[in-house]
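Visitor: I'm new to this one. Can you show me the structure and take some quick questions?

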Amino acid sequence: MTDLKRSAKRRRRYSKRYDHQVLSMFEMGLSATRISNSLDVPIGSVYKTIRSKFPEWDGRKILPMKEIVSAYKKGDTCQSLADKYGVTHGTIKSRLIEAGVEIRDTGEAQRVHFFNDRYFETIDSADKAYWLGYLFADGNVSSRMNDVSIAIKSSDAAHLEKFAESLDYNGPGAVFECAGQGFSGGYKYNKIAFRSEQMAQDLVSHGCIPNKSFDLGPPTGLPREYEIDFIRGVCDGDGYVSKAGTPSVEIVGAYALLEWIASVLEVMSPPRPHKSIWRIRCCAQNARDVMDMLYNTEGVSMDRKREAAAKNVGF
């Protein structure tokens, strides 16, 4: 259906049976427009229902401004707060100004957070190779905004703390909780984000490019001795290690990157189509060999995947 036809479509007639859903969705953080579209009911009725419980509501998303002001004064950025509360950078900035808070300039905001922004300049350790691989798989690099970030499900949040520790991070909480919205309702996830032109450029120089889903190739500037550490990072970000049943290891991603990984590990299948991307995999003894190769090490890894590998291999 075209946008024109969708906009012209008549909404369902509103009734009291929608009140509970509207208020629940509003308290979850959804805007009146999103509630109206989701339930296919008139937006005027949504506004009326929300104001019946929140008469002071001015039509905008309700935010915990005392909490936001406190976090901002302690060093959180507008962008990190926007990610946390599911709104835009501009919304946080305008609400802070309304609250009488003086907005820091970009340079001052960056000085609140200290970390080794030259960490990826030269890949000369196993840990650097691992985190480069993890960013290849599950990171986001914006060369335009110089942002480097990783988002992860809340149960794996401790893994992001390892990344902050590797960067010698010193400042307000590096890892923060964010709110998302999916087809089945709201959900929480955790994120770590840094703004650094140096780090973004270094990552791009190693092949970790923006908008990388289909275009990633093998890393550049990676010493051969750290290839396994890099691949472990990719597997932790975009791979699967079985816990029970027939041992299996799978990694999904861009064709050229997976082709290179398969050539290094030697026992993985060639890349084959998997939904909109590609996949390599191995099973049984080949999978045990790969698990042993990747995870039987003291190097950094995701705890739950190392535990699964240890259970299969017995190290």
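Visitor: Which residue in β8 stands opposite Pro273?
Guide: Trp278 stands opposite Pro273. A word on the source: this is a predicted model, where local features need pLDDT of at least 70 and side-chain atom pairs count only at pLDDT 80 or more, while totals for chains, interfaces and linings use all residues. Residues are numbered from 1 along each chain as its sequence is written, and side-chain values use heavy atoms, with hydrogens and water left out.

Visitor: How many bridges join β7 and β8?
Guide: Three, in the antiparallel sense. Strands count as paired if DSSP finds at least two bridges between them. In β8, Arg279 is the bridge partner of Arg272.

Visitor: What about the hairpin of β7 and β8, how many residues sit between the strands?
Guide: Two. In that hairpin, Lys275 takes a positive phi near 55 degrees.

Visitor: And which strand does β6 join by six bridges?
Guide: That is β8, and the two run antiparallel. Strand β6 spans residues 248–253. Ser248 stands opposite Cys283 in β8.

Visitor: In what order do the strands of the sheet come?
Guide: The order is β5-β6-β8-β7, an open sheet of four strands with antiparallel pairing. The edge strands are β5 (239–241) and β7 (272–274), each pairing on one side only. From one strand to the next, the twist averages 30 degrees. Those angles run from 0 to 180 degrees between N-to-C directions, with axes as lines fitted to C-alpha atoms, for helices over the stretch in contact.

Visitor: New topic. Which residues of helix α4 are buried?
Guide: Val46, Thr49 and Ile50. Buried means under 20% relative accessible area, exposed over 50%, and partly exposed in between (1.4 Å probe, protein chains only).

Visitor: What do the buried residues of α4 pack against?
Guide: They pack against α2 (19–27) and α3 (32–39). Contact here means heavy atoms within 4.5 Å.

Visitor: Now α15. What do its buried residues pack against?
Guide: They pack against α12 (227–238), β5 and α14 (284–295). Among the buried residues of α15 are Lys305 and Asn312. Just after α15, Gly314 takes a positive phi of about 90 degrees.

Visitor: Is Ser196 buried or exposed?
Guide: Ser196 is buried, at 5% relative accessibility. Ser196 lies in the loop between β4 (185–195) and α11 (197–205). Leaving aside neighbours within four places in sequence, Ser196 is in contact with Phe115, Asp117 and Asn146.

Visitor: Last one. How many residues has the largest nonpolar core?
Guide: It has 58 residues, and those with the most contacts inside it include Phe120, Phe163 and Ile261. Helix α9 (residues 126–138) gives the most to this core, with eight residues. A second, separate core of 15 residues includes Met25, Phe26, Ile50 and Trp57. A nonpolar core is a set of buried Ala, Val, Leu, Ile, Met, Phe, Trp, Tyr and Cys residues joined through side-chain atoms within 4.5 Å.
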